[in-house]
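Here is a short briefing on one protein chain. Look over the sequence and the 3D view, then work through the points below.

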Amino acid sequence: MSRLPPLAARDVKPLVGAALALALGGCGRAAPAPALGPTTIADPTAFLVQMRCPDGRLEVAEPGCAGAAAQTEADPMRMRRRDWPPPDGYVAQDAILGADGPETIWSTPPFGPFVAAHGDGGEIYAVEGGTVRIVATQDGGKPYLQGFYGARCGGTGWILFRSDAPTGRWASLVARLSDLRVGSPCFAWSSALTRYRLEAVSAPWIVDRQRREIARPTVIAEHYDRGSIAAATSMERSLFAKGVGRIVWEAWSRRAAPAAELAARCPGTAWSTPPAPGWRLVDCRYATNTTAADGMMSGAAFGWPPPIAAPGP
């Protein structure tokens, strides 16, 4: 389930409104899930949405600024996170609180309102009973809204992480899901090993054009394309920093070739290591390159996700 074509942004966003709920609702059966362990994350949303200072700068650039609050879709963007390499990267990424919950949105030049043909898109999250799921996504690889089915039809959907993320070891489960165009019947036919943990992660940042290391409590989440590491051939690793949202996305493979300009785009963290011998990094996004913005754009002005058609047969 590789999500980022070379040099094109790809994250994901929840489906909105009754049509989307119906599209992912399927047969309406609640998905079984392993019991949660002791809570280590009181509010998972804190790892999915970036904090914004009253002057519009991101809190990660002004740690401890008074009055910082979660950035909403109505807030004008006066500072944005782009990917590497500096100074401009290739993609602008924002982790905001939308009308339907947390979402990550990204856009490519000219960084205007959402245009699918540009590779613009986003990712939608649902936080339910201590479990964070990716509900839907859109990017240049598949320029239509994809749903991650299963949570309402006998599977689990795409589980990202849960509120029992341990420190010092992995928590793991096998998710059951399918990846289909929104409007498809609900199925949960694929097995996907999911691992997650909570650690203090120091990541490379560029703030005011100066490179620095910033450490934050961070959820590290891995999603494999099979039910075990031994059987898998691809894996996506995401790092979600508290008060920032997703800061790193990495694609690992036992078969694919690395994307172009990988060294310039992937400065690395201590967690940028293969899960087992024979794996190699093939793509990445490091959304830790802050840039000033004029405030003309907001999540609402970006206008994603697009209107959802009625579910198909």
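C266 counts as buried, because its relative accessibility is 14%; buried means under 20% relative accessible area, exposed over 50% and partly exposed in between, with a 1.4 Å probe and protein chains only. The model is predicted: local features need pLDDT of at least 70, side-chain atom pairs count only at pLDDT 80 or more, and totals for chains, interfaces and linings use all residues. Residues are numbered from 1 along each chain as its sequence is written, and side-chain values use heavy atoms, leaving out hydrogens and water.

**Disulfides**

- C266 is joined to C284 by a disulfide, S to S 1.9 Å; a disulfide is a pair of cysteine sulfur atoms within 2.5 Å.
- The torsion about this S-S bond of C266 and C284 is about -100°, so the disulfide is left-handed.
- C266 lies in the loop between α2 (262-265) and β16, while C284 is in strand β16, so the pair ties together parts 18 residues apart in sequence.
- Helices (H or I, at least four residues) and strands (E, at least two) are DSSP runs, numbered from the N terminus.
- C284 counts as buried, because its relative accessibility is 1%.
- The whole structure has 3 disulfides.
- Another one joins C53 to C65, S to S 2.0 Å.
- Its torsion about the S-S bond of C53 and C65 is about -100°, so this disulfide is left-handed.
- C53 and C65 are 12 residues apart, and both sit in the loop between β2 (51-52) and β3 (69-70).
- C53 is buried, with a relative accessible area of 2%.
- A disulfide also joins C153 to C186, S to S 2.0 Å.
- The link of C153 and C186 is left-handed, with -65° about the S-S bond.
- This pair connects distant parts of the chain, 33 residues apart: C153 is in the loop between β9 (146-149) and β10 (158-162), and C186 is in the loop between β11 (171-181) and β12.
- C153 is buried at 11% relative accessible area, and C186 is buried at 15%.
- Counting bonded cysteines along the chain, the disulfides follow the pattern 1-2, 3-4, 5-6.

**Whole chain**

- The protein chain has 3 helices and 17 strands.
- Of its 313 residues, 56% count as buried.
- The chain exposes about 12,200 Å², and carbon and sulfur atoms supply 57% of that; accessible areas come from the Shrake-Rupley method with a 1.4 Å probe, and for residues only the protein chains shown count as cover.
- Among contacts with a separation of 6 or more, 64% come from residues 24 or more positions apart; contact means heavy atoms within 4.5 Å.

**Nonpolar cores**

- The largest nonpolar core has 28 residues, and W205 and I247 have the most contacts inside it.
- A nonpolar core is a set of buried Ala, Val, Leu, Ile, Met, Phe, Trp, Tyr and Cys residues joined through side-chain atoms within 4.5 Å.
- Setting aside neighbours within four places in sequence, I247 is in contact with residues including R81, W205, L239 and Y286.
- A second, separate core has 23 residues, including V132, F148, L177 and A192.

**Salt bridges**

- The structure holds 16 salt bridges; each is a side-chain nitrogen of Lys or Arg within 4 Å of a carboxyl oxygen of Asp or Glu.
- R80 and D94 meet in one, 2.6 Å from N to O.
- R80 is in strand β4 (residues 79-82) and D94 in strand β5 (residues 92-98), 14 residues apart.
- Both R80 and D94 are buried.
- E128 forms a salt bridge with R152, and their closest N and O atoms are 2.7 Å apart.
- E128 is in strand β7 and R152 is in the loop between β9 and β10, 24 residues apart.
- E128 counts as partly exposed, at 32% relative accessibility.
- R152 is partly exposed, with a relative accessible area of 32%.
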